[in-house]
Amino acid sequence: MATNNRYDAIVIGSGISGGWAAKELTQKGLKTIMLERGRDVKHVEDYPAATKHPWEFPHRGGRTQQMIADYPVLSRDYPLNEKNLDFWVTEKDSPYREVKRFDWYRGYHVGGRSLMWGRQSYRLGDLDFEANVKDEHGVDWPIRYKDIAPWYNYAEKWAGISGNRDGLDVLPDGEYLPPMPMNVVEKDLADRIKKHYGGKRHFIIGRVANLSVPHEGRINCQFQNQCWLGCNFGAYFSTQSSTLPAAMATNNLTLRPFSIVTRILYDKDTKRATGVEIVDAETHQTYEYFAKVVFVCASAFNSTWVLMNSATDVWEGGLGSSSGELGHNAMDHHFRCGARGRIEGYKDRYYYGRRPTGLYIPRFRNVGDDHRPYVRGFGYQGAATRGRWSGEVAEMSIGGAWKDALCEPGDWSVGFTAFGEILPYHENRIFLDHDMRDKWGLPVLAMDMEIKANERAMRKDMVQDCEAMLDAAGVKDVEGYDRGYEFGMGIHEMGTARMGRSPKSSVLNAYNQVWDALNVFVTDGACMTSGGCVNPSLTYMALTARAVDFAVGELKKGNL
Amino acid sequence: MGTELRLMRTPGMMTRREALACVGWILGSAVVGGHLFMTGCTRRRTPRVDDLFESSTMDLLGDVADTILPPTYTPGAKEAGVGAFIPVMVRDCYDEKHQVVFVDGMDALQRASRDRYGREFQQLTADERTALLAPIDKEAKAYQLTKETTDADHYFHLFKQLTLLGYFTSEIGATKALRYVQIPGRYDGDYPYQKGDRAWAL
């Protein structure tokens, strides 16, 4: 066995969670290999679209018939566009089966979806960590807010989150860089909401992983708002801008692109993983790598795929399946509904710059003495903007007067979209389909999940509450909308290898260790015991850093 | 993830169908051609689409676009290169059904010109061109509002949609008709505006 196949730690995946695992492990002195199934994407030099003008794209960012044919899943919603096509998975190489419709938006390359993520960064609180045990859905989280709070601090301080400390019960504050400002209309709306609801509902500025000031050697945000193309300033958090250079600086990291992990190698005598097997995506050659600990950060459902493919000679359902919960309790956030309306006045006000965040309205349903005919809740994200094509203009016919009118901004408007929690239903699951194979001959995932009565009841409030709030804030022509939701569209896949208090009912323990192989840690979305209603990535950062700290401590004690 | 992208690309309230249709392209959520995938057809190209790339045809398209968005105190659509942009979009982004609608629409437009003025479109004066297209625009608007969602769009709706997209995302449209700052560098949420100031291109 070649010695260059032996490391202290293996990290599977290079997205938000994998990048954090690599940074923490290498900074603690562990020789680490990070395995990424896709191609390398180098910071700045591999962001070809970031410096292009709109007119340099032949279809101006639109989608061609060829793209629609090549990306049947991506084309179902907004992500398919000409500008960052290279950041999305080649669908024909990596199919999956939809027992029920599931929209899976994947980024198979170094950095993963950290390059295209929404960057909204909120903490879960005890409202979330206690939810399962209180309303008896799923199992209890094995941790509480106090366990993760210091790690949120740690993650935020490094990643650089701009935000305001709003002092709200429902949404814990963090360690923030200065907030981005609300615009003039948003400030007035926030004041009116505060007055109308007696301080019980809150319009706050979005907390976002974009730097409002220079931070850790990175340049602050230049307000281009095209983060999904990659940022040449490194002004938003991504693996490339933040965790990867930190890990590389230790000289302890080896990054291996084109490395599809096919299984974790498991020793049933020691009950530990010994390493992983990979197939090289380009050569189709198989290799093995060995290490003391393995961090599985392959994105929620692919992390579970790796577990399901591992140690099948011991457990038919794979590593971590002894509880019967591996692959179950899949979650996302349901959304695409809310309300919008027109703002009167402010004709002499506009804005300069393109702010890469909006407003946030934290959860207020089923909080305190509020009780609804469903459990859990939702938050809203939105913004007030000045549109381009106004109603009056659309009534004009073709010609010069119409053209000149089109060149001026129209009325102000405001719109919000709700993001709601989906309960962890055991029957919402993924499993291996051995009859369908990907380009490398590997079995693919089958998706079998749906929202149920609780979510459908919640969606009514998600529309009506928004209409009522906008009405209360003096917004005109308020119009609720529900454009429908399909599982996966939130691009917040969570669950399928949940944390818990017992090996009988969960896959991972309180430190993200697989109960059945304690030197295997799963720290991405797969570990989530419940989903909350806030964007989840910050939680993965915190859980990953916490798990690495624990793992290294255990290694030092000789426990792993 | 994706939230902010979704959020910032939400067009806010668009009170007119037409506005939605225009913005749809820019949002990458255009429905034109979307059903091709839904029905699982394989793609075939209408051969006549290649004719759109003839220089005389692109010149004609430029003149049609220039009638929709003529030169005023800012340059018109022809100068902005819309005539060359349209064939690319029809070839690459339209499904076969809308390719046919588009090229048939070119014929319909010339027929209307001959019927009314006894001359081809490009032989008309600027006023005659506008007078010819205005009622067609009205007809297209009425059609778009009443048609079934599975029906093809009106050809003039397509002309206008591509003209608007091509113009306002062109270098001339973005920088001269609108204001374009590639790297704003800062955000000011209370920026003064005077009637007549142009909108931001992005």
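A:Ser114 touches A:Gly15, A:Ile16, A:Gly19, A:Ser238 and A:Thr239, leaving out residues up to four places away in sequence. Keep in mind as you look around that this is a predicted model. Let's start with that serine and then move on to the cores and a helix of chain B.

**Around A:Ser114**
- You will find A:Ser114 in the loop between strand S3 (97–98) and helix H3 (126–129) of chain A.
- A:Ser114 counts as buried because it has 28 C-beta neighbours inside 10 Å, and 20 or more are needed for that label.
- Although 124 residues separate A:Ser114 and A:Ser238 in sequence, their C-alpha atoms are 4.8 Å apart in space.

**The nonpolar cores**
- The largest nonpolar core has 154 residues, and those touching the most other members are A:Ile10, A:Val11, A:Ile12, A:Val294, A:Phe295 and A:Val296.
- Helix H12 (residues 537–557) of chain A gives the most to this core, with 10 residues.
- Beyond its neighbours within four places in sequence, A:Ile10 has contacts that include A:Ile33, A:Leu35, A:Val276 and A:Val294.
- Another core, of 42 residues, lies apart from the largest one; among its members are A:Ile398, A:Cys407, B:Leu61 and B:Phe168.

**Helix H8 of chain B**
- Helix H8 (residues 126–146) of chain B has 21 residues and should span 30 Å at 1.5 Å a residue; its end C-alpha atoms are 31 Å apart, which agrees.
- The buried residues in H8(B) are B:Arg129, B:Leu133, B:Ile136, B:Asp137, B:Ala140 and B:Lys141.
- An α-helix has 3.6 residues a turn, so residues three or four places apart point the same way.

Notes:
Residues are numbered from 1 along each chain as its sequence is written. Chains are lettered from A and ligands numbered from 1 in the order in which they are written. This is a predicted model: local features need pLDDT of at least 70, side-chain atom pairs count only at pLDDT 80 or more; totals for chains, interfaces and linings use all residues. Helices (H or I, at least four residues) and strands (E, at least two) are DSSP runs, numbered from the N terminus. The expected span of a helix is 1.5 Å times one less than its number of residues. A residue is buried if 20 or more other C-beta atoms lie within 10 Å of its own, exposed if 12 or fewer, and partly exposed in between; C-beta atoms are placed from the backbone. A nonpolar core is a set of buried Ala, Val, Leu, Ile, Met, Phe, Trp, Tyr and Cys residues joined through C-beta atoms within 7 Å. Two residues are in contact if their C-beta atoms, placed from the backbone, lie within 7 Å.
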